[in-house]
Amino acid sequence: MKAIRVHHTGEPDVLQLEEVADLQPGAGQVVIKVEAAGVNPVETYVRSGKYPQKAPLPYTPGSDAAGTIAAVGEGVENWNVGDRVFTGRSISGSYAEFTLCSADMVFCLPDHISFEQGAALGVPYATAHRALFGKAGAKKGESVFIHGATGGVGVAAIQLARAAGLTVGGSAGSPSGERFLASLGLKYTTNHNAPNYMSDVIGMTCGRGFDIILEMLANQNLGTDPEALAPYGRIVVIGNRGTVEVNPRDWMSREATIYGMTLFNVRPEGLREIYNSLVEGLERGELKPQIDKIFELSQAPDAHEAVVAPGSRGKIILKP
């Protein structure tokens, strides 16, 4: 089978398409024939060698995939060859024609959801769910501002928050990005590249501030986020690419809570609970993953450049 392999860390061109041995499922495992694989920003950090968690070399990147069950291992009774599924935790890596997974980390993909949409679920939707409900404890009637809302996690957060009865505002990096957010049902949007845009954010709540802020680029925004935070509000840091200067007094005066999070810390039982909730949301029609760009597997370097470029409109996908 073909798979992307990384033999040493570096720029996107270290992603090489190679022929590798076919996968065989062990006890409690399944092999998925990958119809689509999701690309996440964290995979670019790991590939570059700049992420705290290092991958053993050589390796195949990727955790998110959707496709059909190709083989089942001993003791697997809840899956059959041909079942439509998605996963957010591949064992062997998802940038490949086939991927190996634990059978209990594979979930049913409803018939009305495409494989590309299924591959967009894993990390983005689980991250948004964890941030909103696991960390911030979002409740119906509260408000949330998504700072950088046009990417995969942002789109997921919009849909999850609206389904839960929250008032949602979000930022994009351009007028076209704001139009994209409006097409997702957002009434309150702003351009985070415009001067003094935080006054727009504050105005979305008539000066009260948001109960929750989901922060996708903390090194750029965390210092000013408290300006738009309600008393006793919560900020969840989802993304960061550097250092930032903050004034803790801004947090103290609001008695704010600042959470950091990474999906890597969630235990398997917690992930299963999240993904089962996402399947229910898909079946109810509340969740509709948005696809930005689709690349062939051999174009993995281009996909890595696209996923960290400004102006995203949903998920970046690889097609084997």
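1. Salt bridges. The structure holds ten salt bridges, each a side-chain nitrogen of Lys or Arg within 4 Å of a carboxyl oxygen of Asp or Glu. This is a predicted model: local features need pLDDT of at least 70, side-chain atom pairs count only at pLDDT 80 or more, and totals for chains, interfaces and linings use all residues. Residues are numbered from 1 along each chain as its sequence is written, and side-chain values use heavy atoms, with hydrogens and water left out.

2. Lysine 2 and glutamate 19. These residues form a salt bridge, with the closest N and O atoms 3.6 Å apart. The pair links distant parts of the chain, 17 residues apart: lysine 2 lies in strand S1 (residues 2-5) and glutamate 19 in strand S2 (residues 16-19). Helices (H or I, at least four residues) and strands (E, at least two) are DSSP runs, numbered from the N terminus. Lysine 2 is partly exposed, at 37% relative accessible area. Glutamate 19 is exposed, at 56%. Buried means under 20% relative accessible area, exposed over 50%, and partly exposed in between (1.4 Å probe, protein chains only).

3. Glutamate 116 and lysine 319. Their side chains meet in a salt bridge (2.8 Å, N to O). This pair also links distant parts of the chain: glutamate 116 is in helix H2 (residues 115-119), lysine 319 is in strand S15 (residues 315-319), and 203 residues separate them. Glutamate 116 is buried, with a relative accessible area of 18%. Lysine 319 counts as partly exposed, at 22%.

4. Strand S15 and its neighbours. Four of the five residues of S15 are buried, so this strand is largely enclosed by the rest of the structure. S3 and S15 pair in the antiparallel sense over three bridges; two strands pair if DSSP finds at least two bridges between them. Glycine 38 stands opposite isoleucine 317 in S15. Strand S14 (residues 291-296) pairs with S15 in the parallel sense, over five bridges. Lysine 319 is the bridge partner of glutamate 296. From S14 the chain crosses through H10 to S15, in a right-handed β-α-β crossover. Right-handed means that, with the strands pointing away from the viewer, the path from the first strand over the helix to the second runs clockwise.

5. Helix H1. Six of the eight residues of H1 (residues 41-48) are buried. They are Val42, Glu43, Thr44, Val46, Arg47 and Ser48. These residues pack against strand S3 (29-39) and helix H10 (300-307), where contact means heavy atoms within 4.5 Å. Glycine 49 follows H1, and its phi is positive, near 85 degrees.

6. Nonpolar cores. The largest nonpolar core has 50 residues, and Val144, Ile146 and Leu214 have the most contacts inside it. Such a core is a set of buried Ala, Val, Leu, Ile, Met, Phe, Trp, Tyr and Cys residues joined through side-chain atoms within 4.5 Å. Helix H4 (152-163) is among the elements that each supply at least two residues. H4 gives the most, with seven residues. This core draws at least three residues from each of domain 1 (2-113 + 289-318) and domain 2 (123-260); the bounds come from an automatic or database domain assignment. Not counting residues up to four places away in sequence, the residues that leucine 214 touches include Ala131, Val144, Ile146 and Val236. A second, separate core of 21 residues includes Val34, Ala37, Phe295 and Ala306.
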